[in-house]
Amino acid sequence: MKIEVLAPQDLSDGDIAAWTRFQGETALASPFLSHRWIETLNRSGGPDRKRIKIAALHDDGKVVGFLPARCARFTALPPGAPFCDYQGMIAEPWVRIDPREIVSALGVARLDFDKLLADQAPFRSFIRGGSSSQVVDLRGGYAAYEADRKAAGTDILKDCAKKHRKLEREHGEAVFTACSASEADLDQLIAWKRAQYETTGQTDIFDAGWPLDVLKDLFRSEDPDFGARLFTLHVGGKLVAAHLALCTSKIAHAWFIAHDDAFGRYSPGVILITEVIKWAAERGMWELDMGPGDYRFKLSLANRTREVAHGFVGRTSAASLMRSAAYRVREVAEALPLGAYSALPGKAMRRLDVIRSL
């Protein structure tokens, strides 16, 4: 199999058509695996600009797959890291290749990943762990989804409806807005998220500057088939919850969601998510992907999961040895009966990866 390395602007119309065809109606259809995601990152400021390379795989003279990466001197990361919720190779399902050949073609020693689609066969031997993304599958329509949640024994939709009514009784009319163009509401969402980062001790990704540029670029997009859509919930004229989703015409991926803490007892963020689910179902969308995480509301709303993985592909090099050693420390700690202390190496590794990505 031949590997050709391209810059995003070098993709031909035929390449883009093939990329779109490979995505199909599978997990590869995620907006984070779209060529439009790559194009957005390439024109925005930040580490992705001028660093994205695309390995185009050719078999018998035809392109059969793509793997995009942000390439530095020794290592490569997924484009858009650390806030790219899906990563992987966009290819024909039968494609089999040693990923180390791709790493070599990209001119780096190592490719790191933290949310790789776990069912990608060529990468299975390079996976070091994983988690589940929670998905609301709407292919059967909202009524079928609602019945499925009831049959699963969860009352979350019923509970949200009760809280919705209580919120209106006590604070005024609740107004849901889809695809809002309000920059003021987007700014409030970002302010809420930054406050959450500070409260929880997480790295504030917006400190780097460029993530906000990417978000606003996508928010202002006029492309009907790709962009960041803002969903809001106002009560009595006041914004109480906001949600920014990265969307195609068929998939909405929950990206950033936050609410006014003064209304926390009503769970306005969850109320908003249920409204987004109804909105997506009415438009014949396939799914709302809520991303990884074991939050109770995600587990209750999801009717399907999608497995993602972390690990790395490395050629023989110092960079690969260092990453392998870090994983060994993490795996040994996680196997020990040390309670919360067992998770510390993994947490430190993830935090350092976020900082490095920014």
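Q: Leaving out residues up to four places away in sequence, what does Gln23 touch?
A: Leu28, Ala29, Ser30, Leu33, Ser34 and Ile90, where contact means heavy atoms within 4.5 Å. This is a predicted model: local features need pLDDT of at least 70, side-chain atom pairs count only at pLDDT 80 or more, and totals for chains, interfaces and linings use all residues. Residues are numbered from 1 along each chain as its sequence is written, and side-chain values use heavy atoms, with hydrogens and water left out.

Q: Is Gln23 buried or exposed?
A: Buried, because its relative accessibility is 8%. The cut-offs are under 20% relative accessible area for buried, over 50% for exposed, partly exposed in between (1.4 Å probe, protein chains only).

Q: Which backbone oxygens does the Gln23 side chain reach?
A: That of Leu28 at 2.7 Å, and that of Leu33 at 3.4 Å.

Q: New topic. Which residues make the contact between helix 1 and helix 2?
A: The axes of helix 1 (residues 13-23) and helix 2 (residues 35-43) come within 10 Å. Ile16, Trp19 and Thr20 of helix 1 meet His35, Ile38 and Glu39 of helix 2.

Q: And Trp19, what aromatic pair does it form with Phe66?
A: A stacked one, 4.9 Å centre to centre with 20 degrees between the planes. Rings of Phe, Tyr and Trp (its six-membered ring) pair if their centres lie within 6.5 Å; planes under 30 degrees apart are stacked, over 60 edge-to-face, the rest tilted.

Q: Where do the two sit in the chain?
A: Trp19 is in helix 1 and Phe66 in strand 3 (residues 62-71), 47 residues apart. Both Trp19 and Phe66 are buried.

Note on methods. Axes fitted to C-alpha atoms, helices over the stretch in contact; angles between N-to-C directions. Helix = DSSP H or I, 4+ residues; strand = E, 2+ residues; numbered from the N terminus. Polar contact = N/O pair within 3.5 Å; in protein donor to acceptor, adjacent residues only side chain to side chain.
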